[in-house]
Amino acid sequence: MKKLILLVCFFSAIGLSAQEFPALDASPMDASYFPDGQPLDEVFQRDVRDLKIKIYYSRPQLKGRKMLGGEAAPFGEVWRLGANEAPEITFYEDVTFGDQKVSAGTYAVFAIPGEKEWEFILSSKLNTWGNYTTKEDQFVARTKTSVVKSSEEPIEVFSIMFKEVSGGAHMVVGWQNTIVELPIKL
């Protein structure tokens, strides 16, 4: 009987603790890897030496709002490239980011979106929320790229993926009606 009472008390305490967790984030965190394309069960068994690039980012949703060129990601202004914390990209070897050489390491990623062109920025300041504490002298690399296309159907959830190309990858960013590809040479 004592064991039963203890078990009931234990599970009641667990139930009370679970009710104290905050609600789910409206812009959940996600990750993309290069190279990718392995079955999900193999992704978690992958040796980090096989990776060339990894990016962590948060995925805001349109929910009927105009985000690019709107209040969330205004054209011509530095934007954190997603929601919440600034995304962090890790290069496991030296790369050419657009047209600039960048050493292996981890960097925060920002963008200045535009209708026809985007500028991508790498910053040495990590663990930053948004782009409010970032300073120009912390920028490691900047490169511009053209908007590849506008999609007919809106892309509801902000997404980043890598597409393999000869000599490296393109970091593909899609949201709203915009798709941008940033070349990364390995």
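The model is predicted, so local features are kept only at pLDDT of at least 70 and side-chain atom pairs only at pLDDT 80 or more, while totals for chains, interfaces and linings use all residues. Residues are numbered from 1 along each chain as its sequence is written, and side-chain values use heavy atoms, with hydrogens and water left out. The chain has 2 helices and 9 strands; helices (H or I, at least four residues) and strands (E, at least two) are DSSP runs numbered from the N terminus.

**Overall layout**

- Going along the sequence, you get α-β-α-β-β-β-β-β-β-β-β.
- Of the chain's 186 residues, 41% count as buried; buried means under 20% relative accessible area, exposed over 50%, and partly exposed in between, using a 1.4 Å probe on protein chains only.
- Take the contacts (heavy atoms within 4.5 Å) between residues at least 6 apart in sequence: 58% of them join residues at least 24 apart.

**Strand pairing**

- Two strands pair if DSSP finds at least two bridges between them.
- Strand β1 (residues 29-34) runs antiparallel to β2, with 6 bridges joining them, and Asp30 has Tyr57 as its bridge partner in β2.
- β2 also pairs with strand β3 (residues 88-91), again antiparallel, over 4 bridges; here Ile55 sits opposite Ile89 of β3.
- β3 pairs with β6 too, in the antiparallel sense and over 4 bridges, and Ile89 faces Tyr107 of β6 in that pairing.
- Strand β2 (residues 53-58) is largely enclosed by the rest of the structure, because 5 of its 6 residues are buried.
- β3 is covered on both faces: Glu88 and Thr90 are buried on one side, Ile89 and Phe91 on the other.
- As background, side chains in a regular strand alternate between the two faces of the sheet.

**Nonpolar cores**

- A nonpolar core is a set of buried Ala, Val, Leu, Ile, Met, Phe, Trp, Tyr and Cys residues joined through side-chain atoms within 4.5 Å.
- The largest one holds 33 residues, and those with the most contacts inside it are Leu81, Ile89, Phe91, Trp118, Phe120, Leu122 and Met171.
- At least two residues of this core come from each of β2, β3, β4 (95-97), β6 (105-112), β7 (117-123), β8 (139-165) and β9 (168-185).
- The top contributor to this core is β9, which gives the most, with 7 residues.
- Another core, of 6 residues, lies apart from that one, and includes Ala86, Ala108, Ile121 and Phe139.
- Leaving out residues up to four places away in sequence, Phe91 touches Lys52, Ile53, Phe97, Val102, Ala104, Gly105, Tyr107, Leu122 and Ile184.

**Ala141 up close**

- Ala141 belongs to strand β8, and its 1% relative accessibility is why it counts as buried.
- With residues up to four places away in sequence not counted, Ala141 touches Phe97, Gln100, Val102, Phe120, Ile121 and Leu122.
- The C-alpha atoms of Ala141 and Ser123 are separated by 7.3 Å, with the two residues 18 apart along the chain.

**Largest pocket**

- On a 1 Å grid over the protein atoms alone, a pocket is an open set of points where a 1.4 Å probe fits, with protein on both sides within 12 Å along at least five of seven lines; lining residues have an atom within 4 Å of a point.
- The largest pocket has a volume of about 280 Å³, where grid points are joined across faces, edges and corners and the volume is the space filled by probe spheres set on the points.
- Its lining has 18 residues, and Met67, Ala72, Trp79, Arg80 and Gly82 lie nearest the centre.
- By type, the lining of the largest pocket splits into 10 nonpolar, 4 polar and 4 charged residues; nonpolar covers Ala, Val, Leu, Ile, Met, Phe, Trp, Tyr, Cys and Pro, charged covers Asp, Glu, Lys and Arg, and the others, Gly among them, are polar.

- The peptide bond from Phe34 to Pro35 is cis, with omega near -5°, and Pro35 is in the loop between β1 and α2 (40-43).
- Leu81 isn't a glycine but has a positive phi, near 60°; Leu81 sits in the loop between β2 and β3 and counts as buried at 0% relative accessibility.
- Asn127, another non-glycine residue with positive phi, has a value near 55°; Asn127 lies in the loop between β7 and β8 and is exposed, with a relative accessible area of 70%.
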